[in-house]
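Student: Please take one side-chain pair in this model and go through it closely. Which residues make it, and what lies around them?

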Amino acid sequence: MQQEKSSSTLWGDEITKVKNGSKILIKNGYTNTFKNEVSLGKGKYGELIVKEY
């Protein structure tokens, strides 16, 4: 399995669930590209699961 780094914006109680370097799983999320940088979003109906804190 190949792992890549990306950025994501956290809101509300999600901020305390993860720390820099945490491994997370996002279900029903989306990606966006801006200035050749990919970001990952959970969206309104997505789910964030912390796999490794």
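Tutor: The side chains of E14 and K42 are joined by a polar contact of 3.1 Å (a pair of N or O atoms within 3.5 Å; within protein, one must be able to donate a hydrogen and the other to accept it, and residues adjacent in sequence count only if both atoms are side-chain atoms). The model is predicted, so local features need pLDDT of at least 70 and side-chain atom pairs pLDDT 80 or more, while totals for chains, interfaces and linings use all residues. Residues are numbered from 1 along each chain as its sequence is written, and side-chain values use heavy atoms, with hydrogens and water left out.

E14 and K42 also form a salt bridge, at 3.1 Å from N to O (a side-chain nitrogen of Lys or Arg within 4 Å of a carboxyl oxygen of Asp or Glu). This pair connects distant parts of the chain, 28 residues apart: E14 belongs to helix α1 (residues 14-17), and K42 to the loop between β4 (37-41) and β5 (47-52). Helices (H or I, at least four residues) and strands (E, at least two) are DSSP runs, numbered from the N terminus.

The two partners fall in separate accessibility classes. E14 has a relative accessible area of 7% and is buried, while K42, at 25%, is partly exposed (buried is under 20%, exposed over 50%, partly exposed in between, with a 1.4 Å probe and protein chains only). Leaving aside residues up to four places away in sequence, E14 touches T9, K42 and L48, where contact means heavy atoms within 4.5 Å.

At least two lining residues come from each of β1 (7-8), β3 (30-34) and β4, and β4 contributes the most, with 3.

The structure has 2 salt bridges. The other is between D13 and K17, whose closest N and O atoms are 4.0 Å apart. D13 is exposed, with 52% relative accessibility, and K17 is partly exposed, with 40%.

Past helix α1, S22 sits in the loop between α1 and β2 (23-27). S22 is buried, at 17% relative accessible area, and its side chain reaches the backbone oxygen of K19 at 2.9 Å. Residues up to four places away in sequence not counted, S22 touches E52 and Y53.

As for the setting, the protein has 1 helix and 5 strands, in the order β-α-β-β-β-β from the N terminus. Its C-alpha trace spans about 30 × 25 × 20 Å along the principal axes. Of the 53 residues, 13% count as buried, E14 and S22 among them. Of the contacts with a separation of 6 or more, 51% are between residues 24 or more positions apart; E14 and K42, 28 residues apart, touch across such a span.
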